Amino acid sequence: MFLTGIGTVFQWLDPIAAALGDPDLKAQVMEALMDNPQYLAYVLMGISAITIAARLRSVGKA
């Protein structure tokens with residue numbers, strides 16, 4: 001669910017940015033992530049933590 005939300009936000013980033021007058025916002029976000037790889041690492045660690053918690057929850061229900 002979390003990843004789906006991130007994907008949806010990233011998909012709508014271009015139309016929202018164009019409506020706000022900054023059509024290159026998606027490229028700016030990608031550049032910021034490439035310039036600061038620690039942010040990308042934090043996002044990936046968060047995704048991993050959520051995945052582990054979901055799997056532990058599923059195991060606990062079984």
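Is D35 buried or exposed?

**View 1. D35 in helix α2 of the predicted model.** With a relative accessibility of 53%, D35 counts as exposed (buried means under 20% relative accessible area, exposed over 50%, partly exposed in between; 1.4 Å probe, protein chains only). The residue lies in helix α2, residues 25-35. Numbering starts from 1 along each chain as its sequence is written. The model is predicted, so that local features need pLDDT of at least 70, side-chain atom pairs count only at pLDDT 80 or more, and totals for chains, interfaces and linings use all residues, while side-chain values use heavy atoms without hydrogens or water.

View 2. Patch residues have over 30% relative accessible area and no salt bridge, with like charges joined within 9 Å and nonpolar side chains (Val, Leu, Ile, Met, Phe, Trp, Tyr) within 5 Å. A salt bridge is a side-chain nitrogen of Lys or Arg within 4 Å of a carboxyl oxygen of Asp or Glu.

**View 3. The nonpolar surface patch.** F10, V29, M30 and M34 make a patch of about 340 Å² (Shrake-Rupley method, 1.4 Å probe). Helix α2 supplies its largest share, three residues. V29, placed in α2, is partly exposed, its relative accessible area being 31%.

**View 4. The three helices.** The protein contains three helices and zero strands (DSSP runs: H or I of at least four residues for helices, E of at least two for strands). Of its 62 residues, 5% count as buried. The C-alpha trace spans about 50 × 25 × 10 Å along its principal axes.
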